[in-house]
Amino acid sequence: MNILVISDIHGNYPALAAVGQAAAPFNCAHILNCGDSLVYAPFANQTFDWLQRNQVFSIRGNTDDRIIRLLKGKSLKKPTKPEKRIMYTSTAEALLPEHKKHLLRLKKKKILCLDHTCIGLYHGSPSDHEEFLTAATPDKRFKELAKETSCQVVLTGHSHSPFHRQVNGVHFINPGSVGRMMDGQPDAAFAILHLDNGQITASLHRCVYDVEAVVRALAEQQLPAIYGEMFWTGTKRLA
């Protein structure tokens, strides 16, 4: 069984569509999404259309949390910079009613059993919704997290750092970011998880997408041009 693992789409539908095409040859039985589906690229409704059309198992991330806060009529404490806040408010205003309902139903974690394998979906880590786990995180931390879970596979996002680490019998996998990579390469990132009678393997992938479509949409909606630079360069331009 092949499973497409994605995370941190950040409203970047052109990148998401490209990932779907790039992963098609793997004939994936399921798609698992570790959150931060919204904010920074202006395709919130197209993103949710794709996720629902493909019956994706999704959780929510920290950017999704802030949109939920706005939908509930609450104010944002962070971010404080106007050029960042507008990306949240414009997303909340653009969401169609059915997608608002979908977002409000998402949980912070999900445990699935697929092909006799227990898989945990988290945004940050099993112990902290906003923990940054990266390829450089020490083994000591992964050993601590392995003790906290009964899952054989732990899928995470948030750090936008692709990795696959096997520690104390637990496979920790971060697919990287579909829509907002920060390593100087704008290409979309995803992972393929392969399950075969108890055998667990994973591969990390990148694919090109239509960055110009994202930059053009930002300009058409009069959103800060600095985000166009961010998508072109594959870097984090704002703190």
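Leaving aside its neighbours within four places in sequence, which residues is histidine 158 in contact with? Select histidine 158 and have a look: the partners are Ser7, Asp8, Asn62, His123, Gly124, Glu130, Glu131 and Phe132, where contact means heavy atoms within 4.5 Å.

Before going on, some ground rules. What you have open is a predicted model, in which local features need pLDDT of at least 70 and side-chain atom pairs count only at pLDDT 80 or more, while totals for chains, interfaces and linings use all residues. Residues are numbered from 1 along each chain as its sequence is written, and side-chain values use heavy atoms, with hydrogens and water left out.

**Stop 1: still at histidine 158.** You are in the loop between strand 6 (153–155) and strand 7; helices (H or I, at least four residues) and strands (E, at least two) are DSSP runs, numbered from the N terminus. Histidine 158 is buried, with a relative accessible area of 8%. Buried means under 20% relative accessible area, exposed over 50%, partly exposed in between (1.4 Å probe, protein chains only). Now show the side chain of histidine 123: a polar contact links it to the side chain of histidine 158 at 3.1 Å. For a polar contact, take a pair of N or O atoms within 3.5 Å; within protein, one must be able to donate a hydrogen and the other to accept it, and residues adjacent in sequence count only if both atoms are side-chain atoms.

**Stop 2: serine 177.** Jump to the loop between strand 8 and strand 9. Serine 177 is buried, at 0% relative accessible area. Its side chain reaches the backbone nitrogen of glycine 179 at 3.3 Å. Leaving aside neighbours within four places in sequence, serine 177 touches Ser7, Asp8, His10, His160, Ala188 and Ala189.

Stop 3: Colour the 5 strands in the order 4-5-6-8-7; the pairing is mixed. Two strands pair if DSSP finds at least two bridges between them. At the edges sit strand 4 (109–114) and strand 7 (163–167), each pairing on one side only. Neighbouring strands here are turned by 20° against each other on average, direction ignored. Axes are lines fitted to C-alpha atoms, for helices over the stretch in contact, and angles run from 0 to 180 degrees between N-to-C directions.

Zoom in on strand 7 and strand 8 (residues 170–174), an antiparallel pair with 5 bridges. Glutamine 166 stands opposite histidine 171, and arginine 165 is across from phenylalanine 172. The hairpin has 2 residues between the strands, and asparagine 168 takes a positive phi near 50° there. On strand 7, the covered face has Phe163, Arg165 and Val167, and the uncovered one His164 and Gln166.

**Stop 4: the other hairpin.** Strand 9 (residues 188–196) and strand 10 (residues 199–207) run antiparallel, joined by 9 bridges. Pick alanine 189 and you will find arginine 206 as its bridge partner. Between these strands are 2 residues, and asparagine 197 takes a positive phi near 50°.

**Stop 5: helix 1.** Select residues 13–23; the buried ones are Pro14, Ala15, Leu16, Ala18, Val19 and Ala23. They pack against strand 1 (2–6), helix 2 (44–53), strand 9, strand 10 and helix 7 (211–220). At the N-terminal end, asparagine 12 is the cap, with a side-chain oxygen 3.1 Å from the backbone nitrogen of alanine 15.
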